[in-house]
Amino acid sequence: MEVEQLEILTFLKDHVPFRWLPEEELSKVATEIDVSYFRAGATILEVGQTNSDIHIVRSGAVEIYLRNGELFNRLGEGGMFGQQSVLTKSPVRFPAKALDDTLIYFIPYALFIELFDRYERFSDFVELENNKRLSHTVTRRQDANELMTSPVNKLITREPVLISESATVKEAACLMSEEDISCLLVADAQDSVSMIGIMTDRDLRTRVIAQGLDYTTLVRHIMTPAPITIDSSHFVFEAMLTMLTHNVHHLPVLHLGKPVGVIGISDIIRYESHNSLFVVSSIFDAQSVEEISALIPDIHASFTRMVNEDANSHMIGSAMSVIGRSIKQRLLALAQEQLGEPPIPYCFLALGSMARDEQLVLTDQDNALILDDSYNAELHGEYFLKLARFVCDGLAECGYSYCTGNIMATNTRWRQPLSVWRGYFTEWIEQPTPESLLNSSIFFDLDGVWGQTEWADELTALIAKKAQASPHFLACLTRNAINRKPPLGFFKDFVVEKDGEHRNTINLKRRGTAPLSDLIRVYALAVGSTAQNSFERLDDIIAANILPPGRGPDLRDALEFISMVRIRHQALDLEADRVPDNNIEPEQISPFERRNLKDAFQIVANAQKFIVIKYPPNRRF
C-alpha cells in the first residue's frame, strides 16, 4: 500500500461509520478512494447534477444548502455528503460549496453500495440524516428496556373482586379468604360495577379489630372512599411513582373509568428496581436529619441502577425528584414535631428542576414558602423562619447544597403570604424586564410539596393565564432563554472551556439542558400550558401547533440525548467514587456520542434562532 493510501486508511479508522468496518474492508476502501482539492468558494455539487460518489471531507469545511439557497448544514473533517443522490440514484438536491480550501475523498458508487449492503451499522448511519439519526438513537435506546416502558395493564393478573358497600366486614373477610386476595374494591349499592372505595386487609386489622367494632359493621364505614387510581394506558413506572407519592400499597387500575384490576407493591417490584421504593420508605421512617443523610449512598445507588437498566431521562428525573420531595416532606414533618403545629396554614414550594421532575444527583436547593394571608410577622415570623432554617439546613446535610442565589425559604423575600406571591407574578408578567426575569425565571417552575399545595396550583394557573396574554413578557423571557449558547463552533466543532478548573470540558447543563428547558418554558407559557415537566410541556406545545413540522420532536430528542449523556457521566462519576458534575470532556466520550451530541446541539442552536423570530426580544409592544 502506498504512503498516501496508508494515510487514508488511518483517517478512516478514526471516523465513523468507517471505523466500524473490518480492517480488510478499510484497506480496500483506502486503495479505491479518489481525492480532489477545492478552493474556498468553489462549487462541489450543483442542483440537478448526476452524482455517483460519496463525498468525505478530509480537511477544510463544506456548506450544504437547500434548493432555496438557505444554509442547511456545515461540515468539517469527517463530514459526509452526497449520499442521498447516490442511494436514490437521483440528481443532486442539496448543493455543496467549499467554505474553505478543502480536500475531499470520493468513494465510488459500486464500492459504497457493497459496504451499504453488507454492514447494517454502516448503512444505518449513512442513511439517517442528522436529526433522524438522533431520533433513531433515542428511540432505539428507549425501546431497549421493555420493562421500563411497559403499560401498567401488563401487571394485572386477575379481574378485580368487588363487594357492595352494604355488605358486612365479616362477609368481606370471608370473600377475601375465599379469593385469597388482600383487598376488595367497594361497589355502589345501586351500581355493582362502579367503584366508590377500597378495603384492604390492613383496614380490617386497624379499623375493625383494633377498634373493637362488631363484625356486622358495614363495609362503607371502614373503606377508604375515592381511592387513588391509575389508568390502564399509563406506564409501570408511573404506577410506581403514584404509589410512592401517595404512599399506597394497592392501586386500582381503570379502563374507560371502570376497574379492570388492582396492582400491589409486589407487582411493581417484579418489574422494577425496588431500590427507589426502599429509599423513599426509609426516608419516611427516618427519625432525624442524620438518619436521612445516612441514606445518601442508597440514593446514589438507586440512581446508578436506573441508569444501568436503561431508564430514560424522564423516568430517572422523576424518581430523583420524588426522592427529593420525600426528603423535604420528612424534614418538614420533623420540623413541626420540634416546633409544634404551624400557627397558620402554609405551603412549601419546590422550584426549578425538582418542580419539573428533572432532578439528578448533583443539584442545589431552590425553594420558597407561601403563607396564609392572615400572616402577621410579629406573631408568626419566628416560627416560619425556624421552620425554613430547619428544612434548608437539613437539605444541605442531605447533599442539596444551598442556593448561591439565595432562592430559599430562609430568605424573607421568598417567604411571603399568598397575596404577595400573586403580586410578584403579576408584576413579573405585566411589567417585565430582562434583568428581573433573569433572577426570577426559576419561579416559573414551581410545585407544592407540603401543606396547602393547592396554592401552588392556583399560582400556576395565574401564570398560565397572564403569560399567554403578554407578548412583552414572552419577549423578555426569550432574551434570557438565548443567553446560554450551545457549545458549537463555526465548523460544528465543540467549543470547550478555555481555562479554569473545567478546562477542555463542556458543561452539559449550562450549555445543553438548561437552554433547552428555557426555550421550552417560553413556548409552554405562550400556549397556556400548566405542565411543569419539559417533556410534558413539549406535548402541549406540539399539540398547539406553533412550531414548524418536526421541530417539536427534534427538541424532544435533543433534550433526551443531552440529558442521558449528562446522566451517564454522573453515574460513571459515582461508580468511580468521584464527585459527580456536569462537565464532560468531548475526547473522553465515544465518537458515536460525539456525533449525536453535535446533532443535538445543532437542534438547540436552530431553535434559539427560531424563537428570536417568533418572540423578538428587542421589539417594543
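**View 1. Lys466, a partly exposed residue of the predicted model.** With a relative accessibility of 26%, Lys466 counts as partly exposed, because that class lies between the buried limit of under 20% and the exposed limit of over 50%. The structure shown here and in the following views is a predicted model. Lys466 belongs to helix H18. Apart from neighbours within four places in sequence, Lys466 is in contact with Thr426, Ile429 and Glu430. The C-alpha atom of Lys466 is separated by 9.7 Å from that of Ala526, a residue 60 residues apart along the chain.

**View 2. Packing of helix H16 with helix H18.** Helix H16 spans residues 418–430 and helix H18 spans residues 454–468; their axes are 10 Å apart and form an angle of about 20 degrees. H16 is therefore roughly parallel to H18. The two helices, H16 and H18, cross in a right-handed sense. On H16, the contact is made by Leu418, Trp421, Arg422, Phe425, Thr426, Ile429 and Glu430. On H18, Trp455, Glu458, Leu459, Leu462, Ile463, Lys466 and Ala467 take part. The contact of H16 with H18 comprises nine nonpolar, one polar and four charged residues.

**View 3. Buried residues of helix H2.** Within H2 (residues 23–32), the residues Glu25, Leu26, Val29 and Ala30 are buried. Because they cover an arc of only 140 degrees around the axis, they lie on the same side of H2. In an α-helix, residues three or four places apart point the same way, because there are 3.6 residues a turn. The buried residues of H2 pack against helix H1 (3–13), strand S8 (102–108) and helix H4 (109–118).

Terms used. Residues numbered from 1 in each chain as written. Predicted model: local features only at pLDDT ≥ 70, side-chain atom pairs only at ≥ 80, totals over all residues. Heavy atoms only, no water. Axes fitted to C-alpha atoms, helices over the stretch in contact; angles between N-to-C directions. Helix = DSSP H or I, 4+ residues; strand = E, 2+ residues; numbered from the N terminus. Parallel < 35°, antiparallel > 145°, perpendicular 65-115°, else oblique. Left-handed = near helix turned anticlockwise from the far one by under 90°. Contact = heavy atoms within 4.5 Å. Nonpolar A, V, L, I, M, F, W, Y, C, P; charged D, E, K, R; others polar. Buried < 20%, exposed > 50% of the residue type's maximum accessible area, 1.4 Å probe, protein only. Arc of directions from axis to C-beta.
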